[in-house]
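Student: I'd like to learn how to read a model like this one, feature by feature. Can we put it up and go through it together?

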Amino acid sequence: MRARVAAAVVAGALALPAAGHGADDSVSARVVTVRSDIFCPFVCAAESDHPGYVIELTGAAFALHGYRVDYQVIPYARAIEATRHGAFDAVAAVAREDTPGFVFSHVVGLSPTVLAVRKGSGFVWRGPQSLEPLRLGAVIGIESWGSAVSGYIAANRDNPDRVDFSGGTEPYAMNVRKLLAGRVDVIADSGPVLGHTLRRLGVADAVEIHPVPSEVQPLMMAFSPAHERSAELVRLFNDGLGRIRSSGELARILARYGIADWEP
């Protein structure tokens with residue numbers, strides 16, 4: 001597992017990591033700790049001036065209530081388990097299927113499931129049976145690709161000839177590299193994330209994208225079931241999200257990432 005990267009300060013709304021042992025409780029209580037792997041444009045590198053639109057809107061929403069957000073990147077499965085046990089306040093931009101038992105915010109984005117193959121492969125999606133002759137690249141901890149793809153992954157998770165898992169802090173970029181190197185034949189991904197990754201790596205012309213019909217996952221902030229304050233943090237977050245939407249600040253944040261508001 002790769003070490004976590006440093007936190008970033010974005011537009012005054014994100015904070016440095018919370019103070020350590022002996023810090024003033026009144027100060028640390030006003031910091032919301034958020035963790036994720038890189039799932040850009042939803043959540044991106046912490047040290048970037050574009051840390052992801054979900055991180056920016058989270059910082060803006062909590063800032064209205066006097067809270068700061070400490071965001072750091074760690075592997076997704078570790079983020080879920082550590083937050084589940086109370087080490088952090090929330091995991092950013094997750095589907096309910098990945099974080100059962102957590103306390104969820106309002107929706108912060110939509111993630112359509114897609115499959116990607118090397119250009120010219122001849123792949124056609126006709127349901128899970130289309131994947132059987134192939135080696136599928138998946139991500140550790142993701143259970144939310146919809147019933148068809150997630151069901152296939154669950155049924156074949158112990159067969160490395162059928163499903164190959166990537167982890168770490170940038171598993172989606174790792175899967176694209178595996179695909180282009182011929183180590184896997186097809187990868188499951190989120191449409192916006194795959195598009196961003198292909199552009200960043202400069203390999204968009206080498207890949208074909210196949211949407212999985214009717215599979216669009218709502219994403220939320222998932223707050224720790226181990227913290228008594230999680231219900232209050234969700235209330236504050238939802239209130240702040242509504243206020244930044246009404247004020248136009250949310251639209252300005254989304255425009256930085258080329259994303260449209262998911263609510264009409």
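Student: How many disulfides does a search of the whole structure find?

Tutor: Some ground rules come before the count. This is a predicted model, so local features need pLDDT of at least 70 and side-chain atom pairs count only at pLDDT 80 or more, while totals for chains, interfaces and linings use all residues. Residues are numbered from 1 along each chain as its sequence is written, and side-chain values use heavy atoms, with hydrogens and water left out. Now, a disulfide is a pair of cysteine sulfur atoms within 2.5 Å. The search of the whole structure turns up one. It links Cys-40 and Cys-44, with an S to S distance of 1.9 Å.

Student: What is the handedness of the Cys-40 and Cys-44 disulfide?

Tutor: Look at the torsion about the S-S bond: it is about 85 degrees, so this disulfide is right-handed.

Student: Are Cys-40 and Cys-44 buried or exposed?

Tutor: Go by relative accessible area: buried is under 20%, exposed is over 50%, and partly exposed is in between (1.4 Å probe, protein chains only). Cys-40 is buried at 10%, and Cys-44 is buried too, at 3%. Over the chain of 264 residues, 52% count as buried.

Student: How many helices and strands does the chain have?

Tutor: Both are DSSP runs numbered from the N terminus: helices are H or I with at least four residues, strands are E with at least two. The chain has eight of each.

Student: How does the span of helix 7 compare with what it should be?

Tutor: The expected span is 1.5 Å times one less than the number of residues. Helix 7 runs over residues 230–247, 18 residues, so it should span 26 Å; its end C-alpha atoms are 25 Å apart, which agrees. After the helix comes Gly-248, with a positive phi near 95 degrees.

Student: Which residues of helix 7 are buried?

Tutor: Start with the general idea: an α-helix has 3.6 residues a turn, so residues three or four places apart point the same way. In helix 7 the buried residues include Ser-230, Leu-233, Phe-237, Leu-241 and Ile-244. Among the elements covering the buried residues of helix 7 are strand 1 (31–36), helix 2 (53–63) and strand 8 (207–223).

Student: What is Lys-178 in contact with?

Tutor: Contact means heavy atoms within 4.5 Å. Lys-178 sits in helix 5 (residues 171–181) and is buried at 6% relative accessibility. Setting aside neighbours within four places in sequence, Lys-178 touches Asp-164, Phe-165, Ser-166, Arg-183 and Val-184.

Student: How many cavities of 30 Å³ or more are there?

Tutor: Rolling a probe the size of a water molecule over the atoms shows where empty space is left. On a 1 Å grid over the protein atoms alone, a cavity is a set of points where a 1.4 Å probe fits but cannot get out, and lining residues have an atom within 4 Å of a point. Grid points are joined across faces, edges and corners, and a volume is the space filled by probe spheres set on the points. The count is three.

Student: Which residues line the second largest cavity?

Tutor: That cavity holds about 70 Å³ of space, and its lining includes Cys-40, Glu-170, His-196 and Arg-200. Helix 6 (191–201) gives the largest share of this lining, four residues.

How values were computed. On a 1 Å grid over the protein atoms alone, a cavity is a set of points where a 1.4 Å probe fits but cannot get out, and a pocket is an open set with protein on both sides within 12 Å along at least five of seven lines; lining residues have an atom within 4 Å of a point.
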